[in-house]
Amino acid sequence: WNLTQSNHIMLHIVPVRAFTDNYIWVIHDRCHAAVVDPGDAAPVLDFLQRENLQLVAILNTHHHNDHVGGNAALLREFPVPVYGPAHESIPTLTHRLQEGDNVQLAEFPLSFNVFDIPGHTAGHIAYYGANLLFCGDTLFACGCGRLFEGTPQQMYASLQKLAGLPDETLVYCGHEYTLANIHFARAVESGNQALLELEAATRKLREQDIPTLPSTIMREKATNPFLRCNQFEVIQSASNYLGASLPDPVSVFAAIRNWKNDFVVPQREQ
């Protein structure tokens, strides 16, 4: 359980597991709850009932079913507002959001600024407020999402936007991919001492089946190759992978994203 203080009210942020490796994030104050990216309603309903919580809002980051598939069933139990990206098709949305919008969750109180972060999907958004970042499948711990609908330029710009947030920002992403991502990051930047330390800490957590999230922006800037496209070793590795020199950070990003698409992680690291 991760605790954060907003306007002197203690908030709890709990990962509810779904499918193979999804995290559905529940923000609550022991009375009210908001849920981020509920791909499956059943584990959320179980959690709400067990903790005696009243759902007050659903927040979606993008349209993929493993992030929105539980919306309808949750709404049958709790007729609450559903916030999500203005430029994606999510049938249950009641509040369509884009960069510059603000979400006020009055029950806590808690408010989020909305960022457009296209790349993984064309209209992907993030929620940022009270030192918390809910970024769906754009920024992962030590990785980033696949480019299903966007361009390398878009994804690079989106990641740079998130990297510009305060170092202490807590990063809540949608999947438990950290150990596999570290394996790839070490292939890209084997000389990064911070990566070795992160790998050791992550292994200990996973051996105990403890989530590796949240990360922080500071940790991502130190270990995530997709945020380190201006670092000499990352540039060299990307150039070696392509067999060509790369002129700019976007080209480096595109090369390592393509490399990651085909990178095979040993089964025990998955």
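Let me start with a term: buried means under 20% relative accessible area, exposed means over 50%, and partly exposed lies in between, using a 1.4 Å probe and protein chains only. By that rule Asn224 is buried, because its relative accessible area is 0%.

A quick word on the model, everyone: it is predicted, so local features need pLDDT of at least 70 and side-chain atom pairs count only at pLDDT 80 or more, while totals for chains, interfaces and linings use all residues. Residues are numbered from 1 along each chain as its sequence is written, and side-chain values use heavy atoms, with hydrogens and water left out.

Back to Asn224, then. You'll find Asn224 in the loop between α7 (217–223) and α8 (232–242); helices here are DSSP runs of H or I with at least four residues, strands are E runs of at least two, and both are numbered from the N terminus. Leaving aside residues up to four places away in sequence, Asn224 touches Leu139, Phe140, Cys142, Gly143 and Arg219, where contact means heavy atoms within 4.5 Å. Its side chain also reaches the backbone oxygen of Gly143 at 3.0 Å.

Notes
Polar contact = N/O pair within 3.5 Å; in protein donor to acceptor, adjacent residues only side chain to side chain.
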